[in-house]
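Please view the sequence and the model together while reading.

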Amino acid sequence: MQTTVPATFKNSGAPVTPPATECGARRPGWDQGPAVGSHRIPCTLPTGHDGGHRDGLGNEWTPTVESTPAELYALWQGMTIGETAATPLPKLLALLGVTVEEVEPEELPIGIHATFHGHIGDGQVKLSRSLPQVEREPIVREFLNTITPDPATRTKGPHRYRVTKQITGTIKCYDWCSEPHHEHTGNIENIVHQSSRITLELPTENGPMALLYAHIAVDPFAVDVVQREPHIVVDDDQSLYFLPLMKSVELSDELIEFAASLRAMTAKAAGK
């Protein structure tokens, strides 16, 4: 008897869980602990016989509710290339316990079009919405071809990559820069010029405690215009503040006034 199987594709958002009586549905308690014994209600796929499949020994076998991942895997491995190719993808997904979700491209790692995570009986494929329809099913089938009873994570990148060539170049540096740019071997946009830091410390019974740091910096590839020019970075161990040179002068004047007031306050407290 043929079983009608709804497509296991779903839109981005809440997962779609088939009713418990449908082919490929989860059995109660599936998400409540390790996979033991039974898993999903199986599918009856067309094979040219009477709904059964051949196991690795050539024996006819139809999956049952009690089928283990090992049994499902044996069934999957025993299917011929013709049977696999002729079986509609939704039925294969239901049989192997895999769901497919289309997501926005930014939800996937950079340069990745599709991901697979899980194992036979419980796996998920995420496909980028930017993928042409013609490429989606081949990618899903490629993931299914590598599925095993053991959990695994796989990714699929673009079919074509732009050819790049590594070159060696010279970067103009500043006299105050203390970074070893001559040892840099990565992307040029990762180069940031920085001077050594100065530290404002608070004397305590346990020794000096740093309150504030400052250094000169230039990030040639920064989005912020201020950071692309020489500026002062002020760091209080919680946040970074990027100050244009004139703002840094204003801060310096404030610190001078603060120091003078602190010294006068100290003299007053000492009775002088």
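In which strand is D235 found? D235 belongs to strand β11, residues 231–235 (strands are DSSP E runs of at least two residues, numbered from the N terminus).

## Basis of the model

This is a predicted model, in which local features need pLDDT of at least 70 and side-chain atom pairs count only at pLDDT 80 or more, while totals for chains, interfaces and linings use all residues. Residues are numbered from 1 along each chain as its sequence is written, and side-chain values use heavy atoms, with hydrogens and water left out.

Leaving aside neighbours within four places in sequence, D235 is in contact (heavy atoms within 4.5 Å) with R197, L212, Y213 and L240.

A polar atom of the D235 side chain lies 2.8 Å from the backbone nitrogen of D237.

Strand β5 covers residues 114–119, and five of its six residues are buried. Two strands pair if DSSP finds at least two bridges between them.

With strand β6 (residues 122–128), β5 pairs in the antiparallel sense over six bridges; here G118 stands opposite G123. The two strands form a hairpin with two residues between them, and G121 in the turn has a positive phi of about 100°. With strand β7 (residues 152–156), β5 pairs in the antiparallel sense over five bridges, and A114 stands opposite K156 of β7.

Conventions: Helices (H or I, at least four residues) and strands (E, at least two) are DSSP runs, numbered from the N terminus. A polar contact is a pair of N or O atoms within 3.5 Å; within protein, one must be able to donate a hydrogen and the other to accept it, and residues adjacent in sequence count only if both atoms are side-chain atoms. Buried means under 20% relative accessible area, exposed over 50%, partly exposed in between (1.4 Å probe, protein chains only).
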